Amino acid sequence: MTRSTVSGAAAASRSRRSRALGRLVFLGPGLTYLIVLLLIPLALVLSYTLFRRGRFGGVVYEATGENFTRLFDPLYLDVILGSLRLATIATVIALLVGYPTAYLIAMLPRKWKTVALVAIVLPFWTNFLVRIYAWIVLLSGPGLVNSTLGELGLGPFEFLYNQGTIVTGLVYSYLPLMVLPLYAAIEKLDPQLREASANLGARPARTFVSVTLPLTLPGVVTGCLFVFVPSFGNFIIPELLGGGRSIMVGNLIRDQFLKARDWPFGSTLALALIAVLVVLLLLQAWSARRA
Amino acid sequence: MSRSRYSRRLPAAALVAGLALAVSACGGEAADTAAPAASASSAQLDPNADLSKQSVTISVWDGYTPKELPQQVKEKLKTELKVTLHDTNETIMGKLTSGTDTGLDVAFVSGQYAQALNEAGLLEPIHPELVPNLANLFPEAKELSYDKGNVFSVPYTWGTTGICYRTDLLKTPPTSWNDLLDPPAEAKKKVTMMTTERWLALPAIKALGYSVNTRSDEEIAKVKEKLLAAKANLLAYDDTTFGERLKKGEAVMVEAWDGWCPAGEKNIDFVVPKEGSDLWVDTMVVLKSSKNKEAAHAFINYILDPQVHGWAASNILYSVPNKAAMDIVDADLKAKTPSLQMTPAQLLQGESIIDLGEDSQKFTRLATEVAAQQ
Amino acid sequence: MRRPRLLYVPFWATYLFLYAPIAVLVFMSFNSGDSPYSFEGFSLKWYGELAGNAEIRHGLVNTLVVALGATVLATVLGTLLAVGMARHSRSKLLDAVSVLPAVLPDLVLAIGLLVFYGMIKMTLGLHSVLLAHTVFGMAFVAAVVRTRLTHADTSLEEASRDLGAGPVTTFLRITLPQLAPGIAAGALLAFTLSVDEFVIAFFTAAPTEPTLPIVIYSMVRFGVTPEINALATLLLAVSFTVVIVAQRMTRLTESLS
């Protein structure tokens with residue numbers, strides 16, 4: 001009786017020790033890495049929002065709320081709202097183009113399905129900057145589109161360096177991220193549901209609105225998020241395709257660190273960026289729960 | 001249940017917060033002591049140091065030094081030279097002021113940026129005894145307003161900013177900054193201006209007759225108005241490819257630094273507008289963090305050699321502030337290159353751009369306002 | 001199943017939109033003229049120029065070093081973390097932290113690391129990019145491996161433990177072989193993402209050690225040159241090959257199992 005209790009306790013302590021060891025071995029390295037190179041840097045950015053800028057970069061450790069007041073300066077507010085607008089337009093266009101495409105891919109025979117999907121993802125595998133560069137070649141004054149139009153006796157037009165080009169660049173860069181989750185959602189649909197709806201006399205449009213769309217809503221939301229997030233914080237596309245004539249919040253953040261050397265305000269802008277994204281993620285979680 | 005989850009979470013959160021504070025406290029102290037140290041301490045350098053044991057890493061604009069420079073330096077100084085490139089002042093400033101060690105020994109930056117770096121305590125004062133070739137400089141090049149007496153920087157090239165344009169595509173050649181800001185019908189949407197903030201403001205500042213170093217809010221507000229009005233007629237803001245655009249005919253009139261205007265090409269010409277312009281200087285500075293300061297000085301001295309410095313004038317077509325070097329530039333080349341014809345006296349008519357300290361924020365804001373306006 | 005005719009219009013429009021710019025790039029890379037806009041004749045001269053471009057070669061080597069290093073580090077750390085999270089922890093917070101680098105905007109991670117490196121006065125170099133790329137690489141590896149773990153058979157692990165094997169032995173003998181395909185997929189993902197990554201590298205690379213995307217960025221900023229077309233074509237060819245080989249390999253393993 002006593003003996004068995006002792007050995008039971010020893011076994012329990014051994015298994016506890018082995019569990020602790022397991023935790024240390026498996027979680028220790030990764031967690032340490034994430035704390036040092038992710039959480040501490042983020043905590044620093046967060047804490048910088050409360051301090052004054054140093055004259056030559058860095059911060060002066062004097063508490064201030066002025067970075068947050070500055071956020072509501074019409075100048076910066078306009079840039080933030082403008083970025084929201086451009087990212088939203090890009091997302092909507094990507095959805096309108098991506099949905100029918102994903103729908104059709106899901107209906108293709110198995111063999112062609114894979115080919116079509118790979119073909120959607122493939123451009124995503126080439127360098128991002130190269131893809132942006134391709135649009136400069138295509139659209140610039142003496143570029144291909146203009147010379148083709150010129151042969152038809154039209155133009156030349158100035159396609160580059162406006163907000164339309166920025167939106168084109170955003171859609172082009174992130175369209176695959178829209179199509180994939182949409183495809184996954186549509187693929188899961190039970191075709192019988194649609195047939196049932198059709199058999200009950202619903203027209204295709206009605207079937208789509210009341211059956212297909214609600215059931216694929218999580219895919220829609222995910223796809224929109226995948227396009228919106230990288231679009232909203234982008235600074236390369238506005239710079240290269242916008243000709244410096246428009247800026248987005250990403251440019252603003254980059255400039256605070258590289259030009260103005262105002263780290264606290266740059267951090268505050270970054271926090272605003274994260275805040276917008278957190279709201280969107282919460283919306284997504286909410287929509288996923290409802291669905 | 002919920003309590004136990006919190007008790008597990010709390011230590012982790014506290015740990016992260018504590019670490020962040022500890023790290024930021026260390027960093028803070030270091031930053032505080034570094035700031036007032038500007039120009040105070042200057043390293044003891046050994047004039048007889050064995051340069052073959054040192055290496056020099058420089059950061060410079062693409063095409064700004066000869067491709068063979070590393071071999072030449074190796075031959076002459078026995079020092080390994082590593083050349084890295086930056087595309088704009090702002091890119092390299094971002095790296096240099098980040099607090100990290102960039103591994104650079106010598107950086108090429110424009111005068112006002114050298115001034116800002118010095119005030120931030122990031123530069124090693126120039127040791128004139130290690131740079132005897134400083135004697136080759138024009139006397140005027142030793143009295144430039146951002147760094148009188150070449151205390152922390154050595155000028156490499158200098159010039160001015162003007163309008164570079166297509167003679168065949170414009171009906172009348174431009175003479176005033178207003179021609180760029182309010183272009184004739186044939187040039188609408190075919191004009192570029194620069195993006196770097198001080199040069200972005202320059203055309204409007206000069207058109208209004210202000211100083212390039214203005215700190216007045218009222219004047220800057222007027223400048224902003226003028227720049228916003230000009231934006232409607234602009235193709236793009238461009239610091240790097242305006243010459244290409246002009247050659248292709250995508251643009252017909254651009255704001256340009258003199259040497260980057262391809263004025264040697266047929267149908268392309270350069271003019272300094274009648275309202276006047278700036279005097280910019282691209283300089284070489286030695287970084288305080290450099291571990292090869294003797295070799296860095298030897299490198300700068302080598303660049304000031306008339307043959308080497310003359311290369312810059314003959315190849316990048318910028319004037320160099322080196323009398324001996326300018327004397328050996330080919331006369332034919334000089335005759336057809338406006339930027340090489342400027343004398344120091346003429347250049348000094350341009351207003352030298354200096355760093356405005358806290359007030360440089362005003363120009364950053366101006367640039368953001370101009371870019372944000374649709 | 002009926003495929004609505006009308007849908008073929010946006011379907012083909014999508015592919016045209018995705019491939020037209022790339023097709024133009026590839027076509028123009030064989031141009032003999034200097035202009036990136038008008039085709040004058042067939043030539044491989046831009047590939048020659050490209051091969052002689054020391055900046056690009058330097059950038060390419062740097063990118064490969066960073067990507068390989070970050071992939072190895074991310075794979076080891078990410079796999080351990082995934083196993084740890086699935087078998088040794090029930091913390092929701094840890095789950096959230098582990099996916100954070102994957103959902104965080106790259107710009108935010110970039111400035112965070114720049115600020116951190118500045119604070120500890122780190123010497124920048126390839127290692128500063130490598131460490132940064134490991135952060136998000138690890139998140140992706142952990143996510144992929146974890147999905148695989150949830151589908152894995154736990155009875156073998158239990159049996160191994162019942163027979164007295166410690167957690168490490170169980171991991172090495174039982175768990176790891178089961179996870180191998182997931183780990184490989186995660187590693188491939190981490191590698192690809194690192195090769196293409198620009199924003200974080202732009203902020204954390206030493207000026208002396210640019211990665212390939214940084215080199216491309218400054219080339220694009222300095223204007224349009226057919227050399228970039230040639231480079232783009234080569235990168236595209238590599239991607240095509242990798243995708244097709246990966247496709248073949250999965251088909252092979254599928255047919256074997």
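The legends below accompany several close-up views of this predicted model.

**View 1. Two helices of chain C, H3 and H6, pack against each other.**
In this view helix H3 of chain C, which covers residues 54–88, meets helix H6 of chain C, which covers residues 126–151, and their axes lie 5 Å apart. The angle between the two helices is about 40°, and H3(C) and H6(C) are therefore described as oblique to each other. The crossing in which H3(C) passes H6(C) is right-handed. The residues that make up the contact of H3(C) with H6(C) comprise 19 nonpolar ones, 10 polar ones and one charged one.

**View 2. Five strands of chain B form an open sheet.**
Read across the sheet, the strands of chain B follow the order S8-S7-S9-S6-S10, and their pairing is mixed. The edges are taken by strand S8 (234–237) and strand S10 (268–271) of chain B, each of which has a single partner strand, so one side of each is left without a neighbour in the sheet. On average, and with direction ignored, neighbouring strands of this sheet are turned by 30° against each other.

**View 3. Strands S6 and S9 of chain B run antiparallel.**
Within the sheet, strand S6 (residues 161–166) of chain B is joined to strand S9 (residues 253–257) of chain B by five bridges.

**View 4. Two loop residues of chain B, B:Asn267 and B:Leu317, have a positive phi.**
Most residues other than glycine have a negative phi. B:Asn267, although it is not a glycine, has a positive phi of about 70°, and its place is in the loop between S9 and S10 of chain B. B:Leu317, also a residue other than glycine, has a positive phi near 60°, and this residue is found in the loop between helix H10 (306–316) and helix H11 (323–327) of chain B. Is each of these residues buried or partly exposed? B:Asn267 has 13 C-beta neighbours inside 10 Å and therefore counts as partly exposed, whereas B:Leu317 has 22 C-beta neighbours inside 10 Å and therefore counts as buried, the cut-off for a buried residue being 20 or more.

**View 5. Chain A is assigned two domains.**
The domain assignment of chain A gives domain 1 as residues 2–43 and domain 2 as residues 73–290. Between the C-alpha centres of domain 1 of chain A and domain 2 of chain A there is a distance of 43 Å.

Notes
Residues numbered from 1 in each chain as written. Chains lettered and ligands numbered in written order. Predicted model: local features only at pLDDT ≥ 70, side-chain atom pairs only at ≥ 80, totals over all residues. Axes fitted to C-alpha atoms, helices over the stretch in contact; angles between N-to-C directions. Helix = DSSP H or I, 4+ residues; strand = E, 2+ residues; numbered from the N terminus. Parallel < 35°, antiparallel > 145°, perpendicular 65-115°, else oblique. Left-handed = near helix turned anticlockwise from the far one by under 90°. Nonpolar A, V, L, I, M, F, W, Y, C, P; charged D, E, K, R; others polar. Pairing = 2+ DSSP bridges. Domains from an automatic or database assignment. Buried ≥ 20, exposed ≤ 12 C-beta atoms within 10 Å, placed from the backbone.
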